[in-house]
Amino acid sequence: MGNVTITLHVNTANISPGNVNANCHFTDSNNDPTTANPEDFQTNCDLNDVLTWEGVPTDSSLHDSVSITKIAYKSGTNLFGKSSLPGHNGTVTGTVDHGTGGDIQIYGMNFDVTRNGTTKSYRIDPKIRVNN
């Protein structure tokens, strides 16, 4: 596969701490299936793939922003061999250099939403799976 981009789409007008899952969904450049619950979303990749996470508002006319601030290991196989990957300019990049076919990592994605000059932080926990 090589490079995989994972995009978090956020309804910035409606998101709040109590409804993160209802106002977010994921897509990726592999065309992995979107799920109703974003925490069930699974990106499939190969060993040595470079993954990049980015965030976008669902309504670009609002001029809001979504910045990915950190990817943190939560459970399963630690596919990056690190406890966390830091954000840089609103994205996070990491290389899948641990694990074997079928291994799954659940990770925490920390992200900031800036709306009308106010920034709030949120977290969501999707998955990565290494192909066989």
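A nonpolar core is taken here as a set of buried Ala, Val, Leu, Ile, Met, Phe, Trp, Tyr and Cys residues joined through side-chain atoms within 4.5 Å, where buried denotes under 20% relative accessible area, exposed over 50%, and partly exposed the range in between (1.4 Å probe, protein chains only). The structure is a predicted model, in which local features need pLDDT of at least 70 and side-chain atom pairs count only at pLDDT 80 or more, whereas totals for chains, interfaces and linings use all residues. Residues are numbered from 1 along each chain as its sequence is written, and side-chain values use heavy atoms, with hydrogens and water left out.

The largest nonpolar core comprises 28 residues, and those with the most contacts inside it are L8, L51, W53, M109 and F111. Two or more residues each are given to this core by several elements, among them strand 1 (3–10), strand 4 (50–57), strand 5 (65–76) and strand 8 (104–115). In soluble globular proteins, nonpolar side chains tend to be buried together. When neighbours within four places in sequence are left aside, L51 is in contact (heavy atoms within 4.5 Å) with V4, I6, C45, F80, V92, T93, G94, V96 and I128.

The protein as a whole has zero helices and ten strands, these elements being DSSP runs numbered from the N terminus (helices: H or I, at least four residues; strands: E, at least two). The radius of gyration, taken over C-alpha atoms and compared with a globule rule of 2.2 Å times the number of residues to the power 0.38, is 14 Å, close to the 14 Å given by that rule for 132 residues, so the protein is as compact as a globular protein of that length. Along its principal axes the C-alpha trace spans about 45 × 25 × 25 Å, and 39% of the 132 residues count as buried. Of the contacts with a separation of 6 or more, 61% are accounted for by residues 24 or more positions apart.

The loop between strand 6 (84–86) and strand 7 (92–95) contains T91, which counts as partly exposed because its relative accessibility is 28%. Beyond its neighbours within four places in sequence, T91 is in contact with T52, W53, E54, I68 and P86. N89 lies in the loop between strand 6 and strand 7, and its phi is near 55°, a positive value in a residue other than glycine; at 72% relative accessibility, N89 counts as exposed. A positive phi, near 60°, is also found for N31, which lies in the loop between strand 2 and strand 3 (42–45) and, at 69% relative accessibility, counts as exposed.
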